[in-house]
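Subject: Structure handover and notes

Dear colleague,

I am passing on the structure we spoke about, and I would be glad if you could look it over alongside the notes in this message. Please open it first and keep it in view while you read.

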Amino acid sequence: MPKKTKKTSAGTPATTALTAAGTDFTLHSYEHDPAAPSYGEEAAQALGVEPGRVFKTLVASVDDRLTVAIVPVSATLDLKALASAVGGKRATMADPAAAERTTGYVRGGISPLGQRKRLPTALDESATGYETICVSAGRRGLEVELSPGDLASLTDAVLAPIARV
């Protein structure tokens with residue numbers, strides 16, 4: 001059973017940022033399996049949440065500028081749609097080492113919140129269909145649940161159809 005904590009800091013930059021902003025959130029932790037083929041799907045299963053409500057944080061390069069894309073774990077990122085959403089022409093997935101260095105998080109634990117450097121961010125519009133969604137809290141095995149509106153506000157995200165099912 002996942003552990004739930006309300007409005008507390010788990011010591012990650014993401015939870016610290018949420019606490020500092022006074023944002024309502026619920027923290028969920030679970031035992032991460034290093035052999036899991038998909039971090040996001042593992043989180044959805046461990047938390048007993050439908051995969052469309054758990055969002056993964058991906059880092060792409062749009063016209064050579066790192067950009068964050070937040071999409072459901074049950075979908076894939078549409079790079080062309082991402083580029084369009086942030087006013088760019090071409091997007092590719094970022095080099096994992098560059099994504100880790102820039103965000104301050106490790107792959108599989110990259111949170112859209114509390115990143116080392118604020119990056120342009122796009123949130124898939126499907127998030128607005130839920131009262132709350134889950135995103136990484138900055139560590140594998142740790143998810144934060146919050147409203148899509150709060151997430152968009154805290155990250156200055158544009159809402160756009162950037163996911164393909």
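The chain averages a pLDDT of 91, and 94% of the residues score at least 70. The part to treat with caution is residues 1–9, over which pLDDT stays under 50, although the model has 24 contacts beyond four places in sequence for them. Where pLDDT is low, the predicted coordinates should not be read in detail.

As for annotation, an unreviewed UniProt entry lists residues 36–153 under "domain: YbaK/aminoacyl-tRNA synthetase-associated". In the model, that span is 25% helix and 31% strand, and its end C-alpha atoms lie 31 Å apart.

E9 has antiparallel pairings with E2 and with E8. With E2 the pairing runs over four bridges, and Ser29 stands opposite Leu142 there. With strand E8 (residues 133–139) there are five bridges, again in the antiparallel sense; the bridge partners include Arg139 with Leu142 and Cys134 with Glu145. E8 and E9 form a hairpin with two residues between the strands, in which Gly141 takes a positive phi near 90°. E8 is largely enclosed by the rest of the structure, because six of its seven residues are buried.

Within E9, the residue I would ask you to look at is Glu145, which belongs to the strand's run of residues 142–146. Is Glu145 buried or exposed? Its relative accessible area is 16%, and because the cut-off for buried is under 20%, Glu145 counts as buried.

The side chain of Glu145 makes a polar contact with the side chain of His28 at 2.6 Å, and another with the side chain of Thr132 at 2.7 Å. His28 itself lies in strand E2 (residues 26–29) and, at 5% relative accessibility, counts as buried. For a sense of distance from another part of the chain, His28 and Ala152 are 124 residues apart in sequence and 20 Å apart in space, C-alpha to C-alpha.

Side chains of opposite charge can pair when their charged atoms come close. The side chains of Glu145 and Arg53 meet at 2.8 Å, N to O. This pair links distant parts of the chain, 92 residues apart, since Glu145 is in strand E9 whereas Arg53 is in the loop between helix H2 (39–47) and strand E3 (55–62). Both Glu145 and Arg53 are buried.

Another salt bridge joins the side chains of Asp78 and Arg164, at 4.0 Å, N to O. Asp78 lies in the loop between strand E5 (76–77) and helix H3 (79–85) and Arg164 in strand E11 (residues 163–164), so the pair ties together parts that are 86 residues apart in sequence. Asp78, at 19% relative accessibility, counts as buried, whereas Arg164, at 45%, counts as partly exposed.

The remaining salt bridge is between Arg118 and Asp156, with their closest N and O atoms 2.5 Å apart. Here too the pair links distant parts of the chain, 38 residues apart, with Arg118 in the loop between helix H4 (96–103) and strand E7 (121–124) and Asp156 in the loop between helix H5 (148–155) and strand E10 (158–160). Both Arg118 and Asp156 are exposed, whereas both Glu145 and Arg53 are buried.

With kind regards

Definitions and conventions
Residues numbered from 1 in each chain as written. Predicted model: local features only at pLDDT ≥ 70, side-chain atom pairs only at ≥ 80, totals over all residues. Heavy atoms only, no water. UniProt positions renumbered as here; feature names shortened; annotations may be inferred. Buried < 20%, exposed > 50% of the residue type's maximum accessible area, 1.4 Å probe, protein only. Polar contact = N/O pair within 3.5 Å; in protein donor to acceptor, adjacent residues only side chain to side chain. pLDDT = per-residue confidence, 0-100. Contact = heavy atoms within 4.5 Å. Pairing = 2+ DSSP bridges.
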